[in-house]
Amino acid sequence: EIKRQFKCDKCDKAYRYAKDLREHTQSVHSDNEKEKRPYECTLCEKRYTQTGDLKRHMQRHEHDVSVKKPHQCNHCGRRFSSKLNLRNH
């Protein structure tokens, strides 16, 4: 049996590692949204409780052309990854 020595003082959950108890406490028992979901997408500001969820979310952005190339030419609609490339165009 796995020893779960890190026990939550607010419910009956117990964890093997202190970091797991901290994540649990933040995501389940916190009233603060930033503490509850500390991992924020820098592109759309969506928040997540775990880094793995944020990583999966970021992979979805990789397929979105407007995120990869956010700078769009007002004349022809072509998109660029940097303002400099747009200016040079």
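# Questions about a predicted model

Colleague: Which residues does histidine 57 touch, not counting residues up to four places away in sequence?
Modeller: Keep in mind that this model is predicted. Residues up to four places away in sequence are not counted here. With those set aside, histidine 57 touches Cys41, Cys44, Lys46 and Tyr48.

Colleague: Is histidine 57 buried or exposed?
Modeller: Start with its place: histidine 57 sits in helix 3, which covers residues 51-62. Its relative accessibility is 8%. Buried means under 20%, so histidine 57 counts as buried.

Colleague: Which side chain makes a polar contact with the side chain of histidine 57?
Modeller: Tyr48 is among the residues that histidine 57 touches. A polar contact needs N or O atoms within 3.5 Å. The pair here is 2.9 Å apart, and the partner of histidine 57 is the side chain of tyrosine 48.

Colleague: How many disulfides does a search of the whole structure find?
Modeller: A disulfide needs two cysteine sulfur atoms within 2.5 Å. The search covers the whole structure, and the number of disulfides is 0.

Colleague: What is the nearest cysteine sulfur to cysteine 41, and how far away is it?
Modeller: Cysteine 41 is in no disulfide. The cut-off for a disulfide is 2.5 Å. The nearest sulfur belongs to cysteine 44, at 3.7 Å.

Colleague: Which cysteine sulfur is nearest to that of cysteine 76?
Modeller: Cysteine 76 is in no disulfide either. The nearest cysteine sulfur is 3.8 Å away, and it is that of cysteine 73.

Colleague: What is phi of glutamate 45 near?
Modeller: Glutamate 45 is found in the loop between strand 3 (39-40) and strand 4 (47-48). Glutamate 45 is exposed, at 59% relative accessible area. Its phi is positive, in a residue other than glycine, and is near 70 degrees.

Colleague: How many salt bridges does the structure hold?
Modeller: Side chains of opposite charge can pair when their charged atoms come close. The cut-off for a salt bridge is 4 Å between nitrogen and oxygen. The number of salt bridges in this structure is 4.

Colleague: Which residue forms a salt bridge with glutamate 40?
Modeller: Glutamate 40 is partly exposed at 33% relative accessibility. The closest N and O atoms are 2.7 Å apart, and the partner is arginine 47.

Colleague: About how far along helix 3 are aspartate 53 and arginine 56 separated?
Modeller: Their side chains meet in a salt bridge, 2.4 Å from N to O. Aspartate 53 is partly exposed at 23%, and arginine 56 is partly exposed at 46%. Because the two are 3 residues apart in helix 3, they are separated by about one helical turn.

Colleague: What is the N to O distance in the salt bridge between lysine 19 and aspartate 20?
Modeller: Lysine 19 is partly exposed, with a relative accessible area of 46%. Aspartate 20 is partly exposed too, at 22%. Their side chains meet with an N to O distance of 3.1 Å.

Colleague: How far apart in space are lysine 36 and histidine 24, C-alpha to C-alpha?
Modeller: Lysine 36 lies in helix 2, residues 33-36. Lysine 36 is partly exposed at 28% relative accessibility. Its contacts beyond four places in sequence are Gln26, Ser27, Val28, Ser30 and Thr49. Histidine 24 is 12 residues away in sequence, and the C-alpha distance is 9.0 Å.

Colleague: What separates the C-alpha atoms of asparagine 74 and leucine 86?
Modeller: Asparagine 74 lies in the loop between strand 5 (71-72) and strand 6 (79-80). Asparagine 74 is exposed, at 79% relative accessible area. Leucine 86 is 12 residues away along the chain, and the C-alpha separation is 10.0 Å.

Colleague: Where does UniProt place the feature "domain: C2H2-type"?
Modeller: The record is an unreviewed entry. In the model, the end C-alpha atoms of residues 6-34 lie 23 Å apart, and that span is 48% helix and 14% strand. For residues 71-89, the ends lie 11 Å apart, with 32% helix and 21% strand. UniProt places the feature at residues 6-34, 39-66 and 71-89.

Terms used: Residues are numbered from 1 along each chain as its sequence is written. This is a predicted model: local features need pLDDT of at least 70, side-chain atom pairs count only at pLDDT 80 or more; totals for chains, interfaces and linings use all residues. Side-chain values use heavy atoms; hydrogens and water are left out. Helices (H or I, at least four residues) and strands (E, at least two) are DSSP runs, numbered from the N terminus. Buried means under 20% relative accessible area, exposed over 50%, partly exposed in between (1.4 Å probe, protein chains only). A polar contact is a pair of N or O atoms within 3.5 Å; within protein, one must be able to donate a hydrogen and the other to accept it, and residues adjacent in sequence count only if both atoms are side-chain atoms. Contact means heavy atoms within 4.5 Å. UniProt positions are given in the numbering used here, feature names are shortened, and annotations may be inferred rather than shown by experiment.
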